[in-house]
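Thanks for coming. I will take one structure and walk through its parts in turn.

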Amino acid sequence: MSSDRNVEQLLAYEQIRQLASRYALALDSRDLLALVALFVDDVAVAGATIGRDALRAEFDRSLREVQRTFLLVGTHVIDLVDDDTAIGSVYCKGEIQVGERWIHQAILYTDRYARRAGRWLFVRRVHRLWYGADVGVNPLTLAAANWPEHHDGMGTVPEQWPTWRAFWNPEDER
């Protein structure tokens, strides 16, 4: 295998890994424009709809069922099928606020990727669950941490992100 081919494969692996990390950050910050930009423009969405606008509407609907989310991307196995397609499995540890509950999840994302116009994107991302359970100490009940004064307590994320604030209070960001 030529060194150029090796470099191309390494770049593909890294660009695909970045997709999973960018997905987590965009989802947690409720940056729906950045989130849907990680998918092919003709992405298939539930209900037999197609496209990023439909995907954005689906994310908007589903993310309003939860409040805070925290996705930590872990193991990521990528198999390059050919120069422009790949499949992958991504382990993810999630923490999710659902009303007054704080839930932790062990997630497996099964992904299909495509390179379009030189950029790797999700074709499909399926969320599979090992488990979801209440966390022992609910962080929503903690006093403010006032970092760096205290190491424990509620922090300032996700409220510090403008996209988070706009998602929940669109009239405040105009």
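This is a predicted model: local features need pLDDT of at least 70, side-chain atom pairs count only at pLDDT 80 or more; totals for chains, interfaces and linings use all residues.

**A tyrosine, a sheet and some salt bridges**

What does Y91 make together with W130 and Y131? The three form a nonpolar surface patch of about 350 Å². Y91 itself belongs to strand 4, which covers residues 85-98.

Four strands make up an open sheet, in the order 3-4-5-6, with antiparallel pairing. Strand 3, residues 69-82, and strand 6, residues 119-134, are at the edges; each has a single partner strand, so one side of each has no neighbour in the sheet. From one strand to the next, the twist averages 15°.

For those new to this, strands of a sheet pair through backbone hydrogen bonds, either parallel or antiparallel. Here, strand 3 and strand 4 are joined in the antiparallel sense over eleven bridges.

Which strands does helix 1 lie across? Helix 1, residues 3-29, lies across strand 3, strand 4, strand 5 (101-116) and strand 6, and it runs at about 155° to strand 3.

Now the charged side chains. How many salt bridges are there? The count comes to ten, and I will go through some of them.

E58 and R61 form one, with the closest N and O atoms 2.6 Å apart. Both residues lie in helix 3, residues 52-63, and they are three residues apart, about one turn of the helix. E58 is partly exposed, because its relative accessible area is 28%. R61 also falls in the partly exposed class, at 43% relative accessibility.

R61 has a salt bridge with E65 as well, at 2.7 Å from N to O. Is E65 buried or exposed? E65 is exposed, since its relative accessible area is 52%.

Another salt bridge joins R64 to D60, where the closest N and O atoms are 2.9 Å apart. R64 is partly exposed at 35% relative accessible area, and D60 is partly exposed at 26%.

Lastly, D41, D42 and R116 are connected in a network of salt bridges.

That is the end of my part.

Terms used. Residues are numbered from 1 along each chain as its sequence is written. Side-chain values use heavy atoms; hydrogens and water are left out. Patches are made of residues with over 30% relative accessible area and no salt bridge: like charges are joined within 9 Å, nonpolar side chains (Val, Leu, Ile, Met, Phe, Trp, Tyr) within 5 Å. Accessible areas come from the Shrake-Rupley method with a 1.4 Å probe; for residues, only the protein chains shown count as cover. A salt bridge is a side-chain nitrogen of Lys or Arg within 4 Å of a carboxyl oxygen of Asp or Glu. Helices (H or I, at least four residues) and strands (E, at least two) are DSSP runs, numbered from the N terminus. Two strands pair if DSSP finds at least two bridges between them. Axes are lines fitted to C-alpha atoms, for helices over the stretch in contact, and angles run from 0 to 180 degrees between N-to-C directions. Contact means heavy atoms within 4.5 Å. Buried means under 20% relative accessible area, exposed over 50%, partly exposed in between (1.4 Å probe, protein chains only).
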